[in-house]
Amino acid sequence: MENGKSNVAIELIVKQGEPTLVPPAEETEKGQYYLSNLDQNIAVPVRTIYCFKSEEKGNENAAEVMKEALSKVLVHYYPLAGRLTISQEMKLIVNCSGEGAVFVEAEANCAIEDIGDNTKPDPVTLGKLVYDIPGAKNILEMPPLIAQVTKFQCGGFVLGLCMNHCMFDGIGAMEFVNSWGETARGIPIKVPPFLDRSILKARNPPKPEFTHNEFAEIEDISDSSKLYQEEMMYKSFCFDPDKLEQLKAKAKEDGNVTKCTTFEALSAFVWKARTQALQMKPDQKTKLLFAVDGRSRFDPSIPQGYFGNAIVLTNALCHASEIVEHPLSAAVKLVQQAVKMVTDSYMRSAIDYFEATRARPSLTATLIITTWSKLSFHTTDFGWGEPVVSGPVALPEREVSLFLSHGKERRSINVLLGLPASAMKTFEELMEI
């Protein structure tokens, strides 16, 4: 740890109280709440933490404030007080029962600073700050919103959230958390939720017009699954503004690409390095998947405050040799084509493709990049100022790499990912630019 303290962080011990249910403060609509096809394929729990510490204000009433504001904000976001179930069409749907979100108060044995480097996912330590439903075997046994408020001895506290991704994408989740914060501060909600997800219903009959390689099955001819029997290592790599500029210059140096964004250069760089580190054979097919925000790309565009997933997966698919044996610009071009592909007709086609096939994206030889660097996690304010630290507790899948904004003015990007130990050694060497 920095500031001259020992490198050994104190073992975090958290004493959790009994979970309680927080229903909406007023009577809300009951019945079944429709989830669109864009919500169906990403029904995974996402765990995040927000650390708050204010010089002026202790944490004595933190739990009460958060709990009361939660019941008020759930009046607007009432499906979050319901429970996930399966519809007659065998799809996820919310039963708006008004049961309430799960809320847990907890106490920690140390100061927030003592938990070490909480800027990178650490499921063992940070996992203690998010309540897990005992014995839950699947997402149907987990309420869509679980909140834990942990008071630390320094007067700070941590809000740990577990929210199901089928309820919203990153932008929607941030709008919810910020609305909760506004309610706690006694001010009106800036962005009221738009609840009607039927605007993203499939066409009848479905008309998929694209090939949708995101669902393509790839054969593991490189036997990468053997590597994954090794111990997994999780690391984070920080790219400061200078390094990001260098990367963009590297992408353009052979003249094959004349302009590119930070995301395009960094995604291409990480995809290429990971493909090399996993020792994929030259003719191994490899796939990059990432989400594109469809809000402005749909026609008409999605209403402000849309409560749900308005992100669509796009993909780049090629042989490993096409990116490994060529300059960075080759991978950048593939990423750019994947971004360009996302039009209204492509997104409608993706919605229809799922309707017709119920396919799940295939993850063999695949890298999924999730970008949180543009999300306003750090602006949430419940009355204790903005969080000193915020971010994910763990990476959801071994195929996922997370891009998080970092540092001064949040202009640096932290790249987080997990790889088998031997591959991580190679990957680390390739990260030097």
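Reader: Where is K248 placed?
Author: This is a predicted model, and in it K248 is part of helix α6.

Reader: Is K248 buried or exposed?
Author: K248 counts as buried, because its relative accessible area is 15% and the cut-off for buried is under 20%.

Reader: What is K248 in contact with, apart from its neighbours within four places in sequence?
Author: With those neighbours set aside, the contacts of K248 are C260, T261, T262 and A265.

Reader: A change of topic: how many residues does helix α9 have?
Author: Helix α9 has 13 residues, 328–340. From first C-alpha to last, α9 reaches 19 Å, close to the 18 Å expected at 1.5 Å a residue.

Reader: Which residues of α9 are buried?
Author: The buried residues of α9 are L328, S329, A330, A331, V332, L334, V335, A338 and V339.

Reader: And what covers them?
Author: The cover includes the helices α6, α7 and α8, together with β11 and β12.

Reader: Now the largest nonpolar core: which members touch the most others?
Author: That core has 59 residues, and F239, L266, W271 and F427 touch the most other members. Helix α7 gives the most to this core, with eight residues.

Reader: What does F427 touch?
Author: Not counting residues up to four places away in sequence, F427 touches F237, V270, A273, R274, A277, L417 and L419. Apart from this core lies another, of 50 residues, with A69, A81, I189 and L375 among them.

Key
Residues numbered from 1 in each chain as written. Predicted model: local features only at pLDDT ≥ 70, side-chain atom pairs only at ≥ 80, totals over all residues. Heavy atoms only, no water. Helix = DSSP H or I, 4+ residues; strand = E, 2+ residues; numbered from the N terminus. Expected span 1.5 Å × (residues − 1). Buried < 20%, exposed > 50% of the residue type's maximum accessible area, 1.4 Å probe, protein only. Contact = heavy atoms within 4.5 Å. Core = buried A, V, L, I, M, F, W, Y, C linked by side-chain atoms within 4.5 Å.
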